[in-house]
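Me: I'm new to this one, so could you walk me through its charged residues?
Reply: Gladly, here is the structure to look at while we talk.

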Amino acid sequence: MPAPIRLRELIRTIRTARTQAEEREMIQKECAAIRSSFREEDNTYRCRNVAKLLYMHMLGYPAHFGQLECLKLIASQKFTDKRIGYLGAMLLLDERQDVHLLMTNCIKNDLNHSTQYVQGLALCTLGCMGSSEMCRDLAGEVEKLLKTSNSYLRKKAALCAVHVIRKVPELMEMFLPATKNLLSEKNHGVLHTSVVLLTEMCERSPDMLLHFRKVWILVPQLVRILKNLIMSGYSPEHDVSGISDPFLQVRILRLLRILGRSDDDSSEAMNDILAQVATNTETSKNVGNAILYETVLTIMDIKSESGLRVLAINILGRFLLNNDKNIRYVALTSLLKTVQTDHNAVQRHRSTIVDCLKDLDVSIKRRAMELSFALVNGNNIRGMMKELLYFLDSCDPEFKADCASGVFLAAEKYAPSKRWHIDTIMRVLTTAGSYVRDDSVPNLIQLITNSVEMHAYTVQRLYKALLDDISQQPLVQVSSWCIGEYGDLLVSGQCEEEEPIQVTEDEVLDVLEGLLVSNLSTPVTRGYSLTAIMKLSTRFSSVNRIKKVVSIYGSSIDVELQQRAVEYNALFKKYDHMRPALLERMPIMEKTASNGPTEIVQTNGETEPSVPDTKHPPLVTQPANQANDLLDLLGGNDVVPVIQTTLPTKPASAGGELLDLLGDLSLSTIPPMTAYSKNGLKIEFTFERANPNPNIAVITIHATNTTEADMTEFVFQAAVPKTFQLQLLSPSSNIVPALNQGSVTQVIRVLNPQKQQLRMRVKLTYTHKGSPVQDLAEVNNFPPQSWQ
Amino acid sequence: MQFMLLFSRQGKLRLQKWYVPLSDKEKKKITRELVQTVLARKPKMCSFLEWRDLKVVYKRYASLYFCCAIENQDNELITLEIIHRYVELLDKYFGSVCELDIIFNFEKAYFILDEFLLGGEAQDTSKKNVLKAIEQADLLRSVPLHGVIQPVSYSAWCELASQHGVNQPVSYSAWCEPASQSVSMV
């Protein structure tokens with residue numbers, strides 16, 4: 001039997017293969033040879049064969065039949081065998097295969113071997129891939145080695161212990177005594193691995209952390225070691241670019257961070273050394289910056305004094321100006337973490353951060369964008385928005401959605417003027433229109449509706465944008481909606497904000513009809529434009545043209561369009577007298593919570609929604625009936641609700657934007673009323689409709705006090721006639737402060753299934769200037785909308 | 001550190017060290033995806049990228065990419081130093097290391113890595129100590145040949161060669177060319 005070919009020979013041969021198939025053939029041939037060699041239980045060449053197998057495994061070929069052979073190698077007495085065997089075990093075996101447990105005994109023996117390099121192999125393998133069972137069995141051996149005076153083994157045992165603790169956390173306690181003396185070692189390897197071990201223990205167990213902090217008083221010890229590192233002269237063995245053992249420095253700083261977190265005493269004890277490291281570390285090479293980076297992270301995380309924090313942020317600011325993009329990246333990441341707590345300090349570096357938006361690296365750009373949004377406030381909104389919009393223009397598509405949402409959010413919060421707000425939105429729609437989120441369309445429509453004085457300007461700008469480009473759906477939808485609403489302003493040329501354009505009714509209708517036929521328009525967009533055309537029938541004079549368009553779509557293949565067209569047709573034919581009222585201008589809508597992108601909000605740590613209570617009603621309950629309601633209404637009731645059913649809705653929930661719109665509408669804007677006003681106590685009622693049940697009126701009472709003395713022990717009680725049901729929720733407090741300095745609010749829910757006129761009897765009790773007061777009153781002046 | 005990968009510019013894997021238990025299939029998938037992602041990076045980009053829920057630190061040395069996946073609390077900049085330290089160790093051991101050295105002596109590359117890192121953390125921060133340990137361990141496998149101890153590392157060879165007045169080979173791989181006298185265990 002010829003000797004199996006050598007490893008290097010095999011490698012050379014395989015590398016000569018010109019095709020994948022050729023390689024596969026060679027591998028298969030060799031595997032067959034190796035397999036037969038294994039079958040023959042050949043001891044001499046087992047090592048060579050397994051090594052070859054490992055090479056083939058790295059190329060991607062299966063090598064599981066070598067697993068047992070690895071175990072045999074580990075059990076061999078030859079060092080070369082063991083070395084390859086353990087390597088094979090680490091590469092081919094893992095805790096999923098039961099086979100790995102057979103290693104345990106070998107490892108145990110090797111942990112007690114006379115040669116330290118054999119012990120090292122065993123420790124390394126255990127620390128790399130030991131399963132929980134193995135760790136449990138061998139923890140005792142590891143602990144023993146942790147106490148040896150041989151630093152070569154001690155350092156390995158420490159890291160092995162880390163792995164054992166990760167796999168079997170309950171075993172942490174047993175390593176505690178052995179860990180005690182580790183920090184007094186001079187050997188840097190042992191020091192480094194001990195700090196890693198201590199770090200792992202602290203991170204896993206708060207009790208351990210406390211113990212290290214208070215009983216062992218680790219902080220001064222660590223500070224001393226760190227100080228020695230910095231102050232000591234040149235040590236060739238551990239020097240890296242002029243810095244003494246940066247790896248150890250970084251690990252110590254990290255452990256200090258954990259010890260100092262939320263503990264004043266520990267934080268104070270490390271203040272000086274942190275300042276020293278922060279100011280004295282050489283920054284010309286990556287090593288120095290690595291240490292500074294860790295220092296900054298530590299300073300920001302512990303209870304450091306403000307001077308130190310400012311120092312840290314300034315280091316980050318300097319990092320931002322570094323030529324090395326890695327340093328810039330790291331700075332942006334850290335600033336993002338601290339922007340909430342040290343906002344003002346970070347603001348000082350705003351211009352540098354904004355410059356990073358132009359960086360070539362994708363990760364840096366993303367970080368810079370997130371940070372920029374976090375730094376936007378009322379003072380810098382104009383400047384920042386300019387930069388961010390410029391960024392939006394030029395950035396990669398993967399950023400556009402997030403950036404657009406961020407812009408909307410920021411604009412909503414800090415817009416200096418309505419016109420600016422609308423201009424900004426227009427800019428986003430025209431540059432990144434296809435990337436904005438779906439919910440931005442109804443939000444924008446709401447914003448536009450509520451900016452009454454800007455209607456003419458808005459519709460003009462949107463019209464012009466439509467002329468340029470009809471491919472971006474959100475833009476087209478908002479534009480069609482506006483043209484439908486404010487088309488009359490458009491043709492009358494009433495714009496105050498800018499030069500009014502001359503446009504005729506026919507031109508407008510051309511544009512809207514163009515949207516209907518264009519391939520670029522989605523069904524949703526077509527729906528918007530058809531409705532817009534319809535609305536213009538009460539605003540324009542060319543009603544015949546509109547009638548024609550509407551009737552054409554009455555036989556459209558698109559069911560949605562067809563339904564709309566049919567209903568509009570009906571409106572023209574049978575209910576023409578209702579048309580003006582139904583197609584009236586939209587009233588101001590109540591604001592709902594703005595839905596910003598959750599990703600950006602979370603990254604920035606900004607958690608406040610712009611409006612705390614969501615009044616966004618699910619409209620799903622209404623659809624099927626809406627269409628019928630329209631006809632019923634026109635047939636039966638002689639009361640036309642002011643806001644409801646101005647537009648027929650889609651029965652299906654496809655699209656959703658339009659439904660959302662109408663959802664806003666159904667929130668009636670019932671005017672508030674004064675229910676009671678006597679002796680300085682005034683009680684006002686404000687209304688909402690509860691959803692999904694429109695029979696429930698939600699009344700919020702606001703009690704205020706104009707006298708100079710507080711009204712304490714304030715209790716509000718109410719009673720309603722039998723056909724109603726009442727629910728009183730808890731009040732905000734029971735003290736009505738004097739001189740209108742505050743109010744007590746309380747929510748009342750009234751169920752009114754029979755839609756009868758709402759009446760209420762209220763009883764008020766409170767203590768004023770020492771004496772109790774009680775009063776009864778009737779409240780009859782409820783506005784009709786609150787109970788209809 | 002969760003794992004370290006070494007791969008060529010063509011995406012061929014030269015070394016893989018995993019410090020977390022994963023199935024072979026998962027390892028292959030991760031390797032394939034990560035290699036693709038890193039190779040797609042342009043030279044001007046920074047050495048860090050976010051990948052799945054990990055941070056990936058990579059650096060290219062000649063034709064080899066050294067790629068480490070670290071956890072969120074790990075320091076990216078010091079990881080670059082760890083990578084650099086490993087390259088220095090390889091360089092000292094092989095004498096001006098090149099990709100070929102690592103291809104033909106992959107098991108030695110692993111031995112060196114396992115002497116430097118354990119469980120993903122550095123065991124020893126002294127270059128000298130790590131190299132010394134490897135050389136000592138290597139000696140345990142040397143075989144006497146004609147009364148001359150066969151050296152197993154480049155530096156040891158150089159010393160021996162100068163003692164015997166023999167020309168030193170340019171690189172370790174050159175020395176590893178199958179000479180009729182060498183009796184390698186592997």
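Me: Which helix of chain A is A:Asp265 found in?
Reply: A:Asp265 sits in helix H15 of chain A, residues 264–280, where a helix is a DSSP run of H or I with at least four residues, a strand is a run of E with at least two, and both are numbered from the N terminus. Please keep in mind that this is a predicted model, in which local features need pLDDT of at least 70 and side-chain atom pairs count only at pLDDT 80 or more, while totals for chains, interfaces and linings use all residues. Residues are numbered from 1 along each chain as its sequence is written, chains are lettered from A and ligands numbered from 1 in the order in which they are written, and side-chain values use heavy atoms, leaving out hydrogens and water.

Me: Is A:Asp265 buried or exposed?
Reply: A:Asp265 counts as exposed, at 57% relative accessibility; buried means under 20% relative accessible area, exposed over 50% and partly exposed in between, using a 1.4 Å probe and protein chains only.

Me: And which residues gather with it in a patch of negative charge?
Reply: A:Asp264, A:Glu268, A:Asp272 and A:Glu305 gather with A:Asp265 in that surface patch. Patch members have over 30% relative accessible area and no salt bridge, with like charges joined within 9 Å and nonpolar side chains (Val, Leu, Ile, Met, Phe, Trp, Tyr) within 5 Å.

Me: Switching to salt bridges, how many does the structure hold?
Reply: Over all chains there are 54 salt bridges, each being a side-chain nitrogen of Lys or Arg within 4 Å of a carboxyl oxygen of Asp or Glu.

Me: What does A:Asp775 meet in a salt bridge?
Reply: Its partner is the side chain of A:Lys678, at 2.9 Å from N to O. A:Asp775 lies in strand E10 (residues 771–779) and A:Lys678 in strand E3 (residues 673–678), both of chain A, so the pair ties together parts 97 residues apart in sequence. A:Asp775 is buried, with a relative accessible area of 13%, whereas A:Lys678 is partly exposed at 40%.

Me: What about chain B, which residue does B:Lys127 pair with?
Reply: B:Lys127 forms a salt bridge with B:Glu88, their closest N and O atoms being 3.5 Å apart. This pair links distant parts of the chain, with B:Lys127 in helix H5 (residues 127–139) and B:Glu88 in helix H2 (residues 76–94), 39 residues apart. B:Lys127 is partly exposed at a relative accessible area of 30%, and B:Glu88 is partly exposed at 28%.

Me: Which residues are linked in a network of salt bridges?
Reply: A:Glu41, A:Arg46, A:Glu69 and A:Lys72 are linked in such a network.

Methods:
Accessible areas come from the Shrake-Rupley method with a 1.4 Å probe; for residues, only the protein chains shown count as cover. Lys and Arg count as positive and Asp and Glu as negative; His and the chain ends are not counted. The place of a charge is taken as NZ of Lys, CZ of Arg, CG of Asp or CD of Glu.
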